Amino acid sequence: MSTDEYRNASRLSEAGTPARPGGDVVPRAHRLALAEMAVGLPAAAWGARRRSVGWAVVGAVLMAHGALELSYETVFPRD
């Protein structure tokens, strides 16, 4: 990314929110959190169906981490 792109990214858009270089509506961190939850749910279901504690724990951890990551911006909003 060039210096001009960094400058433009730090400026506010017309809506008063920081402009993103790619124009993303959903930040990458939110997409990753949704992906963690999307993978965690079937893993937990697989663990419950097979009575495998390991898979159930992996699924629960992925879903919990994804939920915490999604709620982070609500708890600590950007300026």
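**View 1. Nonpolar surface patch of Trp-46, Trp-55 and Val-58 in the predicted model.** Together these three residues have about 320 Å² of accessible area (Shrake-Rupley method, 1.4 Å probe; for residues, only the protein chains shown count as cover). Patches are made of residues with over 30% relative accessible area and no salt bridge; like charges are joined within 9 Å, and nonpolar side chains (Val, Leu, Ile, Met, Phe, Trp, Tyr) within 5 Å. Val-58 belongs to helix α3, residues 53-75. Its relative accessible area is 40%, so Val-58 counts as partly exposed (buried is under 20%, exposed over 50%, partly exposed in between; 1.4 Å probe, protein chains only).

The model is predicted: local features need pLDDT of at least 70, side-chain atom pairs count only at pLDDT 80 or more, and totals for chains, interfaces and linings use all residues. Residues are numbered from 1 along each chain as its sequence is written, and side-chain values use heavy atoms, with hydrogens and water left out.

**View 2. Glu-36, a buried residue with no salt bridge.** Glu-36 sits in helix α2, residues 28-50. The nearest side chain of opposite charge is Arg-31, 13 Å away (Lys and Arg count as positive, Asp and Glu as negative; His and the chain ends are not counted). A salt bridge requires a side-chain nitrogen of Lys or Arg within 4 Å of a carboxyl oxygen of Asp or Glu.

**View 3. Contacts of Glu-36.** Leaving aside residues up to four places away in sequence, Glu-36 touches Leu-62, Met-63, His-65, Gly-66 and Glu-69 (contact: heavy atoms within 4.5 Å).

How values were computed: Helices (H or I, at least four residues) and strands (E, at least two) are DSSP runs, numbered from the N terminus.
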